[in-house]
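Please keep the sequence and the three-dimensional view at hand while reading.

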Amino acid sequence: MKKYSSRFSRRRFLTVSSVGVAGVWVGYSDQASARALRELVAETQRPVRQAPLIPAPQTWSSNKITAAWLGHSTVLLNFYGLTILTDPVLMPRVGANTCLGTIGAKRFIAPALKPSQLPPIDLVILSHAHMDHLDFATLHALPGKPQAVMARAMDDLLTGTKLHDPKALGWGQRTRITTPHGDLEVRAFEVKHWGARWSYDKFRGYNGYVLAREGKQLIFGGDTAWIESFRGLRRHGPFEMAIMPIGAYQPWVCSHCTPEEAVRMANDAGARQFLPIHFKTFPFGREGSIEPLERLENAIEPQRIGWKDVGETFRCA
């Protein structure tokens, strides 16, 4: 009996010691996996703040161009009566979809509109397949019978979603979308990013887009690092606005532009207004949620910034 107790005590000692070492590693190690575990534990207790403003798309005029930032890269557009949603992500988390729900990053700020609060969507624009830009739960919940334009080699991901007749575009390609509310031309252009959703599907594409209707044009920059392709857009202008990412550049500046670079690309294209996205919503980037907007405000004329917070609405003059 004593021998058994001795073995049990040693086993328990080793178990407790291992747990202690693991706890120290998680608590103090600077390795990416340890940081990820710390962040996961911390964010389970963190509340999601409500969006400071709530758009009212039911009041928008169909004779104007109106846009509202719903969070991250999701923008709701009324383009002369045609309703467009970019990179729809409107759930509390983004990441891997499992039987237990979505496992991944938790929002800082709730979406300005839930899927049930959206008007019927005519068109969904998908820049690439990353989980923070393509969320299956959101796509299943969208109202209406939306068509879709996507980057190349994303067809298999959209099987079973509500997206109707998705059209894949490569750089330099264009398509015309016909809806009950009129037509829209969509042109894809090169950005500097990558399109893989997982480690094994690096063949997927990634795009920026020009949207054209009624003689007016908009730029949706998607997700990009600094690239000179925006300069080539200028000859096809003018552009009423450029919707541009400004966050997650630290330490990933090789695939995400800084605010100054985003302004430079919008200026190269000749965009009149600048609508910032891809910041403040999720815990991406070590620069935090405040720095991107501060740097943007120092890089561009204040009257050109279309919004500064989630839920704000911008109307073209």
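Pro245 counts as buried, because its relative accessibility is 2% and the buried class covers values under 20%. The model in which this residue is described is a predicted one. Pro245 belongs to strand S13, which spans residues 239-245. Apart from neighbours within four places in sequence, Pro245 is in contact with Gly222, Asp223, Thr224, Cys257, Ala262, Ile277 and His278. A further relation concerns Pro292: its C-alpha atom and that of Pro245 are separated by 9.7 Å, although the two residues are 47 residues apart along the chain.

## The chain as a whole

The chain has 317 residues, 51% of which count as buried. Its secondary structure comes to 6 helices and 15 strands. Among contacts with a separation of 6 or more, 64% are accounted for by residues 24 or more positions apart. The chain exposes about 15100 Å², and carbon and sulfur atoms supply 56% of that area.

## Cysteines

The structure holds 0 disulfides. Cys257, one of the contacts of Pro245, is buried, with a relative accessible area of 1%. Cys254, by contrast, is exposed, because its relative accessible area is 56% and the exposed class begins over 50%.

## Aromatic residues

A pair of aromatic rings is described by the distance of the centres and the angle of the planes.

| Pair | Arrangement | Centre to centre | Angle between planes |
|---|---|---|---|
| Trp171 and Tyr206 | edge-to-face | 5.5 Å | 75° |
| Phe282 and Phe284 | stacked | 5.4 Å | 25° |

The pair of Trp171 and Tyr206 links distant parts of the chain, its members being 35 residues apart. Trp171 is in the loop between strand S8 (164-169) and strand S9 (174-179), whereas Tyr206 is in the loop between strand S10 (182-189) and strand S11 (208-213). Trp171 is partly exposed, with a relative accessible area of 42%.

Finally, one aromatic cluster is formed by Trp69, Phe279 and Trp307.

How values were computed:
Residues numbered from 1 in each chain as written. Predicted model: local features only at pLDDT ≥ 70, side-chain atom pairs only at ≥ 80, totals over all residues. Heavy atoms only, no water. Helix = DSSP H or I, 4+ residues; strand = E, 2+ residues; numbered from the N terminus. Buried < 20%, exposed > 50% of the residue type's maximum accessible area, 1.4 Å probe, protein only. Contact = heavy atoms within 4.5 Å. Areas by Shrake-Rupley, 256 points an atom, 1.4 Å probe, with all protein chains shown as cover. Disulfide = S-S within 2.5 Å. Phe/Tyr/Trp six-rings, centres within 6.5 Å; stacked < 30°, edge-to-face > 60°.
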